[in-house]
Amino acid sequence: MKTKLYEIAHSRAGDKGNTLTLSLIPYQAEDYPLLQQKVTTEAVKRHLQDIVAGEVTRYELPNLPALHFVCTQALMGGVTTSLTMDTHGKSLSFALLEMEIER
Amino acid sequence: MKDKLRIGCGAGFSGDRLEPAIILAEKGDLDYLVLECLAERTIALAQKRKLQDISKGYDPLLERRIESLLLILKRNNVRLITNMGAANPIVAAQVICQIASRLGISVRVAAITGDDVFSQLTGEETALETGKPLKASGSLISANAYLGIDALVPALSTDADIIITGRVADPSLFVAPLVHEFGWSQQDYEKLGQGTVIGHLLECAGQLTGGYFADPSKKDVPDFAQLGHPIAEVSPDGTAIFSKVAGTGGLLTTATAKEQLLYEVMDPGQYITPDVVADFTGVYIQGAGVNQIKAWGGSGKQQPSTLKVSVGYAAGFVGEGEISYAGSNALGRAQLAGEVIKQRLKDSFPDLRIDYIGSTSVHRKTFGEHLAPYEVRLRVAGKASTAAQAALIGEEVEALYTNGPAGGGGARKYINEVVGIVSTLIAREKVHPTVTLLHT
């Protein structure tokens, strides 16, 4: 059965220069292993391929639990010089949550 | 030594609301109130204002914030720490003294300077973002090093009611009173790491207490319009209970705290500040009651020998134009308008950005099923080296009134001068923080 990440997790985007950060936090801790298994670096890179031109790095925080993705070259230059509407990329957390996984 | 220290954060950015800080000062039972008002680019814009007028360059809301807070802070014996000094902490301190005189109260203000390292740069230093010399980005406007607790603690050692700074690492605004009051060693990296966790959770103010969290029916936040800002009650060992003033709106749960802990973090195992390389990977967050959470387990190791410097440069101008289409085939007509603009401007603006607001403007595409919107706003943006060239974009969009697709309306045009930001590193020993004490 396919499910959107939106159904089982929440996320907040942050920015540092041209780099986008995306947390991914399951509502229920028992979904953490599923996220760990399905929301791989490769899967996120594929999902955000039209947005992230650089690398995606995944960090694991099992104590919280949460995953954290750091995406370089993702904000078309960064907050001060980007020509996009959302120069911070603040809305991109909801782009990540559009991703579908098999559960 | 105090057995508990209560620190509130009443502002998470320059444009934040005024009331939450007033409520914290009145009812938070605080020892310290922190107002964090300096985003990455804010100081470069402040430096530009200072260049135009030497009596400016501090936070534009300084007067309003101080006027609304000063009497309450004095009455409740709450010390204020803020980076509202921006590009001009000394003048900001003078302004605070003038407000105090007008209100008929005595105040002592410690202004911290030394972050401005513009005169020390040649422009040949490497920009961390590009790997090229700083000056390759454009004409340099400003350079401010991120100061840390070594700048703030001496200011706290004075009897100043208010400590006002320019560029300081955000978490340091919170770590400094912990070091000052609890006598933590500045080499106790485990405590400084945990203190940095506390500072990072607090620094965006409302973002810990349900701000920037709500999503109706999925993540509901009660009494959202009256959002209260957070307080940390910290013990000498660094464990902290976070709460908000009873009766204020918002929500403080493990979910809101987890979002904030990871916000803008590049590597959770190595969060670099001037004080410590903090490690967030061992942090636990647990509920501790209604709108209360407990956070512990932060640690860290020795800070690097360099400080980060935020460098502002003149990045030219951005021109923008917008026009709306509505009803049947709104998107089709907006796309035709976009094609017209592209054909007419592509030679002058190779990086022209064309957005269809209501369809593809925010994520540059649509994820999932795409429905035809009732209305679409065309937005065109491009960079230019002069204001006159930037103006062409808005002019071309406005010309669609009589030359473009059917039914376009509500054209608007904008020109903005842009300040870009790059970073570099400077040796710590080249930066000399100074405390200046002013009083009424």
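This is a predicted model: local features need pLDDT of at least 70, side-chain atom pairs count only at pLDDT 80 or more; totals for chains, interfaces and linings use all residues.
**View 1. Ile272(B) faces its bridge partner, Val277(B) of strand E10(B).**

**View 2. Three strands of chain B make up an open sheet, in the order E9-E10-E13.** The pairing is antiparallel. At the edges sit strand E9 (271-272) and strand E13 (299-301) of chain B, each pairing on one side only. Zoom in on E9(B) and strand E10 (residues 277-279) of chain B, and you'll find two bridges holding to the antiparallel pattern.

**View 3. A cis peptide bond links Leu64(A) to Pro65(A).** Its omega is near -15°. Most peptide bonds are trans. To find the spot, look in the loop between strand E5 (56-61) and strand E6 (66-71) of chain A, where Pro65(A) sits.

**View 4. Asp29(B) has a positive phi, near 55°, without being a glycine.** Most residues other than glycine have a negative phi. Asp29(B) lies in the loop that runs between helix H1 (19-27) and strand E2 (32-35) of chain B. Is Asp29(B) buried or exposed? Asp29(B) counts as exposed, because its relative accessibility is 60% and the cut-off is over 50%.

**View 5. Ser217(B) is not a glycine, yet its phi is positive, at about 75°.** You'll find Ser217(B) in the loop between H7 and strand E7 (230-234) of chain B. With 71% relative accessibility, Ser217(B) counts as exposed.

Note on methods:
Residues are numbered from 1 along each chain as its sequence is written. Chains are lettered from A and ligands numbered from 1 in the order in which they are written. Side-chain values use heavy atoms; hydrogens and water are left out. Two strands pair if DSSP finds at least two bridges between them. Helices (H or I, at least four residues) and strands (E, at least two) are DSSP runs, numbered from the N terminus. Buried means under 20% relative accessible area, exposed over 50%, partly exposed in between (1.4 Å probe, protein chains only).
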